Amino acid sequence: MTGQAAPSDVFGAISAPSRRDMLRMLARREMPVMELAESFDMTLSAVSQHLGVLRDAGLVSLRKEGRQRMYRLNPEPLRAVAEWLEFYEPFWNDRLHQLGQYLEENP
């Protein structure tokens, strides 16, 4: 293993809306876990579990600053997801174009 998260780990990690929200928050700046937790209607333990999933997928990193745990976004694994999705973009654009033509011809 190269130390990078498998794409399936990244997809699994971003599958939960709460984790996507956490990533959005961390895209703005590094944050302590307690500040992150304030934004969610869940226990600190649940927030920590979500952050653990993100950390295991390589999407966030953790550092300790005194008594605080600081989380930071690591966007690299998302680049692989974006590249994978980019491959399918022409396919979906073509399908949507065909659907648009069909709907115009068959009101």
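Two strands pair if DSSP finds at least two bridges between them. Helices (H or I, at least four residues) and strands (E, at least two) are DSSP runs, numbered from the N terminus. Keep both rules at hand for this tour of a predicted model, in which local features need pLDDT of at least 70, side-chain atom pairs count only at pLDDT 80 or more, and totals for chains, interfaces and linings use all residues. Residues are numbered from 1 along each chain as its sequence is written, and side-chain values use heavy atoms, with hydrogens and water left out.

**Stop 1: the whole chain**

Show the cartoon. The protein chain has five helices and three strands. Read from the N terminus, the elements run α-α-β-α-α-β-β-α.

Now show the C-alpha trace. Along its principal axes the trace spans about 65 × 35 × 20 Å. The radius of gyration of the protein chain is 18 Å, whereas a compact globule of 107 residues would have one near 13 Å. That radius is taken over C-alpha atoms, and the globule rule is 2.2 Å times the number of residues to the power 0.38.

Colour by accessibility next. Of the 107 residues, 26% count as buried. Buried means under 20% relative accessible area, exposed over 50%, and partly exposed in between (1.4 Å probe, protein chains only).

Among contacts with a separation of 6 or more, 49% come from residues 24 or more positions apart.

**Stop 2**

Begin with strand 1. Two bridges join strand 1 to strand 3, and the two run antiparallel. Pick Met31: Tyr71 in strand 3 stands opposite.

Go on to strand 2. Strand 2 pairs with strand 3 (residues 68–73) over six bridges, in the antiparallel sense.

- Val60 has Leu73 of strand 3 as its bridge partner.
- Arg63 stands opposite Met70 in strand 3.
- Glu65 is bridged to Gln68 in strand 3.

Follow the chain through the turn. The hairpin of strand 2 and strand 3 has two residues between the strands, and Gly66 takes a positive phi near 65° there.

Bring the helices back. Axes are lines fitted to C-alpha atoms, for helices over the stretch in contact, and angles run from 0 to 180 degrees between N-to-C directions.

**Stop 2: helix 2 against helix 4**

Select residues 17–28 and 44–56. The axes of helix 2 and helix 4 come within 10 Å and cross at roughly 75°. Helix 2 is therefore roughly perpendicular to helix 4. Angles under 35 degrees count as roughly parallel, over 145 as roughly antiparallel, 65 to 115 as roughly perpendicular and the rest as oblique.

Show side chains. Helix 2 contributes Ser18, Arg19, Met22 and Leu23, and helix 4 contributes Val47, His50, Leu51, Val53 and Leu54. By class, six of the contact residues are nonpolar, two polar and one charged. Here Ala, Val, Leu, Ile, Met, Phe, Trp, Tyr, Cys and Pro count as nonpolar, Asp, Glu, Lys and Arg as charged, and the others, Gly among them, as polar.

**Stop 4**

Zoom in on His50, in helix 4. Buried or exposed? His50 counts as buried because its relative accessibility is 17%. Leaving aside neighbours within four places in sequence, His50 is in contact with Ala16, Ser18, Arg19, Met22 and Met42.

Move to Arg63 in strand 2. Arg63 is partly exposed, at 32% relative accessible area. Not counting residues up to four places away in sequence, Arg63 touches Glu30, Gln68, Arg69, Met70 and Arg72.

Finish at Leu78 in helix 5 (residues 76–105). Leu78 is partly exposed, with a relative accessible area of 28%. Beyond its neighbours within four places in sequence, Leu78 is in contact with Val10, Ile14 and Leu59. From Leu78 to Leu59 is 7.6 Å, C-alpha to C-alpha, and the two are 19 residues apart in sequence.

Key:
Contact = heavy atoms within 4.5 Å.
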